[in-house]
Amino acid sequence: MKAMGIFRLLMGASIVVSPLRAQAGLDVETQRQRLVDQVAAQMKSTRAETGRSDLSECVLRAMRTVPRHRFVPAHLVADAYLDRPLPIGMGQTISQPFVVALMTELLGPRPDARVLEIGTGSGYQAAVLAGCVAKVYTIEIVAPLGQQARALLAELGYANVEVRIGDGYQGWPEAAPFDGIVVTAAPDHVPQPLVDQLAPNGRMVIPVGSVHGLQDLLVISKGADGRAVTKRTIPVRFVPLTRER
Ligand code: SAH
């Protein structure tokens, strides 16, 4: 199963080659719709590992509307609608759209949910979440990235997103508990403060494993009795979760 997941991951990487040319000359709207069609197809092909074959209506709508080209550096706008991560400066990346869609879907977002994201980065994942839940709290440890994301999210009208600069390992105790927690940087273990800040019936989606290699994308579900159950999905590659010293 695991080997197959890695195989798919590599396949996923190889499909960026042809769209690179096919995208040239298309307007951003068309490029984005094509990307979402591609992401939806990849959801189907990873169904065995993720347990999901389709994106729910709100995740699909968010992926179809959030202008990813605004969240990437100006010199990479032409690559914004390729299904791949891109550098955003300060050694960090904006996640691959398929991974953003999958993580949002695995969270099982509900319109009344309050969600915590660790690793704001460009703000793209937060914007996708903002279309599906009531409120997004997001924490970024690199101050210039957090400030830039905060300004961009405000400019684009995402009024239900709050950005904090700090170490997300500790969560956001004043706003806890959360119905969902999505971690977009990789720790080598599940941070206990985040488990503690997950509400009963809440869900956390987090990459855990080797911080400079592949990680397993985990879904941790807390039952009504507060007991957590962990399910492993696909292998992924995230930048490391760093700590404040
Ligand atoms: N969700 C982002 C992906 C960002 S990459 C997006 O959609 O663009 C991961 C981000 O996590 C980086 O910006 C990195 O600086 C940040 N990060 C790493 N360790 C962190 C920590 N302990 N707390 C908060 N943010 C952290």
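**Exercise 1. Work out the handedness of the link between Cys58 and Cys132, then say what the link ties together.**

Start with the torsion: the angle about the S-S bond is 135 degrees, and the link of Cys58 and Cys132 is right-handed. Keep in mind that this is a predicted model.

Cys58 belongs to helix H5 (residues 57–65), while Cys132 sits in the loop between helix H7 (124–130) and strand E4 (135–140), so the bond ties together parts that are 74 residues apart in sequence.

Now check that the pair qualifies. The cut-off is 2.5 Å between cysteine sulfur atoms, and Cys58 and Cys132 have an S to S distance of 2.1 Å. Count up and you get one disulfide.

**Exercise 2. Find what Asn160 touches beyond its sequence neighbours.**

First, locate Asn160: look in the loop between helix H8 (143–155) and strand E5 (161–165).

Then leave out anything within four places in sequence. Asn160 is in contact with Ala130, Val133, Ala134, Lys135 and Val136.

**Exercise 3. Describe the second largest pocket and its lining.**

Begin with volume: the second largest pocket comes to about 230 Å³.

Two elements give two or more residues to the lining, namely strand E6 (178–183) and strand E7 (198–209).

Which element gives the largest share of the lining? That would be E7, with four residues.

To finish, sort the lining by class: five residues are nonpolar, five are polar and four are charged.

**Exercise 4. Zoom out and sum up the protein chain.**

Step one is the secondary structure: the protein chain has nine helices and nine strands.

Step two is burial. Of the 245 residues in the protein chain, 53% are buried.

Step three is contact range. Take the contacts between residues at least 6 apart in sequence: 56% of them join residues at least 24 apart.

Methods. Residues numbered from 1 in each chain as written. Predicted model: local features only at pLDDT ≥ 70, side-chain atom pairs only at ≥ 80, totals over all residues. Heavy atoms only, no water. 1 Å grid on protein atoms, 1.4 Å probe; cavity = no way out; pocket = protein on both sides within 12 Å on 5 of 7 lines; lining within 4 Å. Points joined across faces, edges and corners; volume = space filled by probe spheres on them. Nonpolar A, V, L, I, M, F, W, Y, C, P; charged D, E, K, R; others polar. Contact = heavy atoms within 4.5 Å. Buried < 20%, exposed > 50% of the residue type's maximum accessible area, 1.4 Å probe, protein only.
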